[in-house]
Amino acid sequence: MKSAIKLARYALDHNETPVACIFVYEPTNEIIAYGMNDTNKSHTGIAHAEFLGIEQIKHKFGSENLLSIFKDIILYVTVEPCIMCASAIKQLGIKKVYFGCGNDRFGGNGTVLNINKDKSTISLNDNTIYDSIPGLFRKEAIMLLRYFYVRENDHAPKPRTKKERILDKNTFPSINWSSYIDRNLFAREFGVDNLYHFDQNSDLTDGKQNNGIDWDLINSSYDNHIEQLTKEIENSHINIHKRIKIQ
C-alpha cells in the first residue's frame, strides 16, 4: 500500500486527484501493474486508477488471459473503488482488495453499495465475490485528498474558489468497519488483539505518535516512482514476454 500512496502523491504533484492503485500477482507477490487517476489530463470521467491498471494488464498479457490473471490478483488502492470500478474488477474475478479510506459519494465496496458481495453482478471466473479490506494507511489517503481539495483546480467543470478553505490535519471521521467486513474477517486480517478497533469504529493507528500518520510518506516527492515501478514490473517473473495459458 505504501507504493500506492507514493503514486497518489505523484498524481497530486501532477495536478490529478490523488487516487492510485497497485495490482499484485499473489503467487509471486510481485507488482504487475499500477494506475492513478488521469481524469484531468485525459478530460474523461472514466480514467480512474483501476481502469488504467486493467489496461496495463490487458496490454501485457492479452485480453484472452485477463480472467486467468485476475483470479490471483490482489488490488491495493488508496481510496475505496467507486461503483463503476468495483463492478469492473468483480466481473474480471479479482481475488481481493485492500483500500485506504472510504469513498463517501460513490463507494462500491461497502460505503454506498456492496458490489463486491452482490451475487447478481456476474464474475467471469471462479471468484464470484471478493473481500475488500479497508483501513490501510487510511489517514494518509484522507490527507492526500484534503491536500487536493484545498487547491484550486482549473480543470474542474466549474472551478471553485478555495482560498478560504482550511486544511484540517487533526480530525478524522470514524470508520464503520462492519460496513465492509465482519468481525471474524477483521480478526484474521488485523489480529484478535486489535478487535477493539472494530468494536469502537476507530482507526488502526489511533493513539500513536503524530496521530498515527506517516507525514514523511505523504509529504515527500516521488517523481521517479513510475520509473521504479516500471522496472520492477519488467523484472518480475510474470512479464510482457510471458503468457499465462487458460487451463
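The largest nonpolar core in this predicted model has 72 residues. Phe23, Ile57 and Phe70 have the most contacts inside that core. Salt bridges come to a count of 10, and three of the pairs are set out below. The second largest pocket holds about 160 Å³ of space.

**Nonpolar core**

- In soluble globular proteins, nonpolar side chains tend to be buried together.
- Ile57 is among the residues with the most contacts inside the largest core.
- Leaving aside residues up to four places away in sequence, Ile57 touches Phe23, Ile32, Ala33, Gly62, Leu66, Ile69, Phe70 and Ile73.

**Salt bridge Lys71–Asp72**

- Side chains of opposite charge can pair when their charged atoms come close.
- Asp72 and Lys71 form a salt bridge in which the closest N and O atoms are 3.0 Å apart.
- Asp72 has a relative accessibility of 15%, so Asp72 counts as buried, the cut-off being under 20%.
- Lys71 counts as partly exposed because its relative accessibility is 38%.

**Salt bridge Lys117–Asp131**

- The side chains of Lys117 and Asp131 meet in a salt bridge, with an N to O distance of 2.5 Å.
- Lys117 lies in the loop between β4 (96-101) and β5 (131-133), while Asp131 lies in strand β5, so the pair ties together parts that are 14 residues apart in sequence.
- Lys117 is partly exposed, at 34% relative accessibility.
- Asp131 is also partly exposed, with a relative accessible area of 25%.

**Salt bridge Lys139–Asp206**

- Asp206 forms a salt bridge with Lys139, and their closest N and O atoms are 2.8 Å apart.
- This pair links distant parts of the chain, 67 residues apart: Asp206 is in the loop between α8 (195-200) and α9 (215-219), and Lys139 is in helix α6 (residues 138-149).
- Lys139 counts as buried because its relative accessibility is 2%.
- Asp206, at 35% relative accessibility, counts as partly exposed.

**Second largest pocket**

- Rolling a probe the size of a water molecule over the atoms shows where empty space is left.
- The second largest pocket has a volume of about 160 Å³.
- Its lining is made up of 11 residues, and those closest to the centre of the pocket are His14, Glu16, Met36, Asp38 and Lys41.
- By class, three of the lining residues are nonpolar, five are polar and three are charged.

Methods: Residues numbered from 1 in each chain as written. Predicted model: local features only at pLDDT ≥ 70, side-chain atom pairs only at ≥ 80, totals over all residues. Heavy atoms only, no water. Core = buried A, V, L, I, M, F, W, Y, C linked by side-chain atoms within 4.5 Å. Buried < 20%, exposed > 50% of the residue type's maximum accessible area, 1.4 Å probe, protein only. Contact = heavy atoms within 4.5 Å. Salt bridge = Lys/Arg side-chain N within 4 Å of Asp/Glu carboxyl O. Helix = DSSP H or I, 4+ residues; strand = E, 2+ residues; numbered from the N terminus. 1 Å grid on protein atoms, 1.4 Å probe; cavity = no way out; pocket = protein on both sides within 12 Å on 5 of 7 lines; lining within 4 Å. Points joined across faces, edges and corners; volume = space filled by probe spheres on them. Nonpolar A, V, L, I, M, F, W, Y, C, P; charged D, E, K, R; others polar.
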